[in-house]
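Here is a colleague's note to read beside the structure. Please keep the sequence at hand and locate each residue as it comes up.

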Amino acid sequence: MNGSHVVVIGGGIAGLAAARFLADGGARVTVLEGASRIGGKLQVSEVAGLPVDEGAEAILTRRPEGLDLIRDAGLGDQVVDSAGEPAGILSHGALRPLPAGQVMGVPSDLTALARSGVLSPGGVARAALDLALPVSGRGIPVDAAADVSVAAYVGARLGREVVDRLVEPLLGGVYAGRVEELSFHAALGGVAAAARSHRSLIMAARAVRAAGPADPGPMFATLAGGLGSLPPALAETITAAGGTVRTGATVRELRAADSGWRLTVGPTRAPEHLDADAVVVAVPARPAGRLLADLAPVASRELARIEYSSMALVTLAYPVTAFPERPSSTGYLVPSVEGRTVKAVTFGSVKWPHLAGRRPDLVVLRCSIGRLGEEHLLQRDDDELKAAAIAELAHTCGVRELPVESRVTRWGGALPQYTVGHLDRVARIRATVAGLPGLAVAGAAYDGVGVPACVASARAAAARVLDHLADRQRSAVS
Ligand SMILES: CC1=C(CCC(=O)O)c2cc3nc(cc4[nH]c(cc5[nH]c(cc1n2)c(C)c5CCC(=O)O)c(CCC(=O)O)c4C)C(CCC(=O)O)=C3C
């Protein structure tokens with residue numbers, strides 16, 4: 001495929017990773033990003049002189065794809081592990097540790113659950129009933145084939161408190177989504193898969209834990225310069241390999257052409273045409289759906305159905321002395337039923353030892369606001385969002401001073417919602433796209449929203465395209 005030209009539409013982490021894999025495979029790549037900067041949801045800027053991410057700030061270390069890509073981009077020596085402090089949950093007005101052994105909020109250890117104090121004693125007793133309940137029937141939707149909402153399945157097996165005080169807050173972070181709408185099979189992937197072969201959800205969570213390493217080590221990693229330093233480093237390796245990365249280049253149209261694809265880029269007044277042997281579409285679902293409207297109407301319709309939630313992140317820097325006690329968790333999640341504006345707080349200075357090392361006199365933290373259906377919260381102006389974050393710190397941590405620095409970042413249409421039926425929807429999208437040789441899709445809309453999942457989808461897309469180009473070259477030779 002030497003010399004074959006592949007255009008990657010979208011310069012977020014999925015698009016850049018795909019471009020990197022394609023360049024490795026010998027293709028000549030062009031990345032077209034519509035915005036004025038590459039990186040998508042990865043972006044870093046300074047707060048109080050420290051590099052603090054404005055978007056995704058951590059990657060799971062459990063999956064290899066994120067760290068592999070970081071090493072590939074030459075940033076292996078910049079990797080920083082998260083601290084060992086536990087994550088917290090605000091429940092019944094007080095900060096409690098996330099119970100040991102939970103998997104996406106599903107408990108595997110009832111003693112740890114009881115000890116955490118996150119649930120009422122009645123809530124713990126109800127959760128324990130899961131071990132005795134029949135596998136199906138009596139309103140418990142356990143049909144392995146049919147998808148149900150997270151709230152319906154987990155609620156039927158473990159009771160409402162587990163849904164409201166454990167699963168909802170975690171998924172309120174991961175998807176900024178709502179448990180009534182999110183898909184059990186798509187959003188709780190590992191546990192849901194294990195639930196098919198276990199008679200109880202607690203036992204399924206135990207099986208997931210048992211399948212992992214005994215000592216999993218640090219859960220998260222980041223980069224010393226922020227996770228947002230990954231996209232520019234990746235772009236550099238792509239250009240060093242002879243590729244091109246363009247910003248401000250919105251692709252308006254994608255058409256099949258004689259020997260591949262023709263793209264229309266830029267404003268209607270001055271359209272530019274680009275030819276490609278293959279294309280990777282690595283933009284969010286809506287724009288991907290628009291690009292595929294004529295080529296793959298079924299995929300296009302399904303993509304249009306994937307909703308996105310919006311959120312805002314308020315970053316605050318306080319003197320460490322403003323805290324009556326130094327925070328003892330990496331951060332905490334706030335269940336929706338607590339009725340507070342802020343849904344999650346990450347103490348960067350606790351979670352990332354290098355930040356505390358550089359500024360031991362400060363506590364830098366991020367408050368996140370906005371789940372699906374809470375758009376009204378995001379209509380507040382920046383000062384109001386800051387005030388809500390400051391009030392949260394006063395309320396939960398007893399901070400009475402004002403922050404020395406602050407920053408508000410808004411992410412409109414940030415996180416795709418894996419609602420009931422998502423897996424079938426993605427299967428239909430993939431089946432339709434499979435009918436278009438030399439075209440592949442990648443990104444957070446399909447098989448996972450975290451950075452490692454986006455990288456995995458990029459790798460699969462690149463492999464598909466490289467296979468196609470190799471086939472084509474073989475048939476041209478023979
Ligand atoms: C967007 C977002 C926010 C809100 C914005 C923000 O505040 O940044 C947030 C907040 C938080 N998330 C937190 C804790 C956790 N998040 C996890 C896992 C994940 N979160 C994700 C995203 C988010 N998370 C994603 C894409 C995954 C990987 C899912 C997967 O691909 O499987 C897991 C691992 C679960 C497991 O798998 O065991 C834990 C323990 C805590 C508290 C402690 C701390 O701050 O560290 C907080 C504030």
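Notes on loops, cores and helix packing

1. R305 is placed in the loop that runs between α12 and β15 (308-319), in what is a predicted model. With a relative accessible area of 52%, R305 counts as exposed, because exposed means over 50%.

2. Is Y308, with its relative accessible area of 16%, buried or exposed? Y308 lies in strand β15, and at 16% this tyrosine is buried, since the limit for buried is under 20%. If its neighbours within four places in sequence are set aside, Y308 is in contact with P284, A285, L372, G413, A414, L415, P416, Q417 and A445. Y308 and R286 are 22 residues apart in sequence, while their C-alpha atoms are 9.2 Å apart in space.

3. Two packed helices are described by the angle between their axes and the distance between the axes. For helix α12 (residues 297-304) and helix α17 (residues 422-433), the angle is about 150° and the axes are 8 Å apart. The two helices are therefore roughly antiparallel to each other, and α12 passes α17 in a left-handed crossing. On the α12 side the contact is made by V298, A299, E302 and L303, and on the α17 side by R425, R428, I429, T432 and V433. Sorted by class, this contact of α12 with α17 has five nonpolar, one polar and three charged residues.

4. From α1, the residues I13, L16, A17, A19 and R20 meet L230, P231, L234, T237 and I238 of α10. By class, the contact of α1 with α10 has eight nonpolar, one polar and one charged residues.

5. In soluble globular proteins, nonpolar side chains tend to be buried together. In this model, the largest nonpolar core has 44 residues, and I13, L22, L230 and V280 are those with the most contacts inside it. Both helices and strands contribute, since the elements that give two or more residues to this core are β1 (5-9), α1 (13-24), β2 (28-32), α2 (65-72), β9 (220-223), α10 (230-240), β14 (278-281) and α18 (451-477). L230 touches I13, L69, I70, A73, L75 and L223, when residues up to four places away in sequence are not counted. A second, separate core of 41 residues includes A151, L158, Y175 and A344.

6. Which residues of α5 are buried? They are V150, A151, Y153, V154, G155, A156, R157 and L158. Eight of the nine residues of helix α5 (residues 150-158) are thus buried, so the helix is largely enclosed by the rest of the structure. These buried residues pack against α4 (121-128), α6 (160-174), α7 (184-187), α8 (189-195) and α9 (201-211). After α5 comes G159, whose phi is positive, near 95°.

7. M104 has a positive phi of about 50° although it is not a glycine, and its place is in the loop between β8 (94-97) and α3. At 32% relative accessibility, M104 counts as partly exposed. A176 also has a positive phi, near 50°, and lies in the loop between α6 and α7; with a relative accessible area of 0%, A176 is buried.

8. A last point concerns T111, which lies in helix α3 (residues 110-116). The C-alpha atoms of T111 and A278 are separated by 54 Å, and the two residues are 167 residues apart along the chain.

Conventions
Residues are numbered from 1 along each chain as its sequence is written. This is a predicted model: local features need pLDDT of at least 70, side-chain atom pairs count only at pLDDT 80 or more; totals for chains, interfaces and linings use all residues. Side-chain values use heavy atoms; hydrogens and water are left out. Axes are lines fitted to C-alpha atoms, for helices over the stretch in contact, and angles run from 0 to 180 degrees between N-to-C directions. Helices (H or I, at least four residues) and strands (E, at least two) are DSSP runs, numbered from the N terminus. Angles under 35 degrees count as roughly parallel, over 145 as roughly antiparallel, 65 to 115 as roughly perpendicular and the rest as oblique. A crossing is left-handed if the near helix is turned anticlockwise from the far one by less than a right angle, and right-handed if clockwise. Contact means heavy atoms within 4.5 Å. Ala, Val, Leu, Ile, Met, Phe, Trp, Tyr, Cys and Pro count as nonpolar, Asp, Glu, Lys and Arg as charged, and the others, Gly among them, as polar. A nonpolar core is a set of buried Ala, Val, Leu, Ile, Met, Phe, Trp, Tyr and Cys residues joined through side-chain atoms within 4.5 Å. Buried means under 20% relative accessible area, exposed over 50%, partly exposed in between (1.4 Å probe, protein chains only).
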